[in-house]
Amino acid sequence: MIIVRSPLRITFGGGSSDLLSFANEYGGFCVSAAINKYVYVIVNRLFHEEVLLKYSELEKVRNISDIKHPTIREALKLLNFKTPQVEITTFSDIPTVGSGMGGSGAFSVALLRALYSHRNISKTSEEIAELACDININKLGYAQGKQDEYISALGGIMGLSFEANTGKVYHHPLAISFNTLTELKENLMLFYTGISHSTNDILKSQSEKVVSNDSDIISNLHEAKAIGYCSAKALENGDLTEFSILLNEQWENKRKRNGGEPEFIEKIYYGSFRHGVLGMKLVGSGKGGFFLAYAEDKNRVRKYMSENGLQELKFNFDYAGVKQIN
């Protein structure tokens, strides 16, 4: 039995500049952090020829082509399971659909790591990330970038650069001092809005606008990329006041890109500054999911969020990336 976990992520700056239609033309950059909330995949060998899948649904099939789950189907095709005798079970620490924390990318990474381990084939974290991107982008046609797969595979707090024309991804851990990292962790909070969203629908619309040379969306994504560089600089300089300001700039940048956010989310955001929040944004593509808030008076913020029905998700950073744990 193979058990693998891969971390979810939060983006500190530059989110959406990795969108493939934009990054391939102009290049992208983001600061992404893996957190200790995980997607798990268990792979076990069966005694008979069958594929048994246990996720939110139960599937039993004899042929890979009959699998309904698109990511699992393409992953098994990739590894050329001609006579599959495999059971695959997946679950996560939090519901990942519409969370904005890279659940689909994390699942793809965990699945591939588990399947390659099951076949006794060694792959680097970068290779796993790129194979996961190939499935999601090229095989399944999802509108996305490469941030989620890479940060889940690598772990840590990374600067991720997406090279124009080549599609190559370069990564480096940010040089954040211990004191800054401690203060950052102490003052960051995640709150679930209670609203899920379709990331692919949002990003598909944005990608189509980029392809059609919409100047507004292209300018907006250039701005997002610039914020990513500024966020990296603020963290490495230990300037968390500037970092919190940049969270607010990201909110406005994303809000403009999305043509506004749901009324309830806007109410919570703009009201939060009267209750101790210094900087806040939505994690992911917007329209729902989680708020990432930076505040020094955390109890005051928690009281405000609780009174408005938002639950806190406590977290830490993950530095291991995708990992076999059995």
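Reader: Why is Asn213 called exposed in this model?

Author: In this predicted model, Asn213 has a relative accessibility of 55%, and since exposed means over 50%, the residue therefore counts as exposed. Asn213 sits in the loop between helix H7 (199-211) and helix H8 (215-236), and its phi is near 60 degrees, a positive value in a residue other than glycine.

Reader: What makes Asn120 count as exposed, and where does Asn120 lie?

Author: Asn120 has a relative accessibility of 73%, which is set against the cut-off of over 50%, so Asn120 counts as exposed. Its place is in the loop between helix H3 (103-118) and helix H4 (125-139), and Asn120 has a positive phi of about 60 degrees although it is not a glycine.

Reader: How do you know that Cys30 is in no disulfide?

Author: The structure holds 0 disulfides. For Cys30, the nearest cysteine sulfur is that of Cys133, 12 Å away, whereas a disulfide needs the two sulfur atoms within 2.5 Å, so Cys30 is not paired.

Reader: Which residues gather in a patch of negative charge on the surface?

Author: The patch is formed by Glu183, Glu186, Glu296 and Asp297. Glu296 lies in the loop between strand S10 (290-295) and helix H11 (298-307), and because its relative accessibility of 54% is set against the cut-off of over 50%, Glu296 counts as exposed.

Note on methods: Residues numbered from 1 in each chain as written. Predicted model: local features only at pLDDT ≥ 70, side-chain atom pairs only at ≥ 80, totals over all residues. Heavy atoms only, no water. Patch = residues over 30% accessible without salt bridge, like charges linked within 9 Å, V, L, I, M, F, W, Y side chains within 5 Å. Areas by Shrake-Rupley, 256 points an atom, 1.4 Å probe, with all protein chains shown as cover. Salt bridge = Lys/Arg side-chain N within 4 Å of Asp/Glu carboxyl O. Lys, Arg positive; Asp, Glu negative; His and termini not counted. Charge placed at Lys NZ, Arg CZ, Asp CG, Glu CD. Helix = DSSP H or I, 4+ residues; strand = E, 2+ residues; numbered from the N terminus. Buried < 20%, exposed > 50% of the residue type's maximum accessible area, 1.4 Å probe, protein only.
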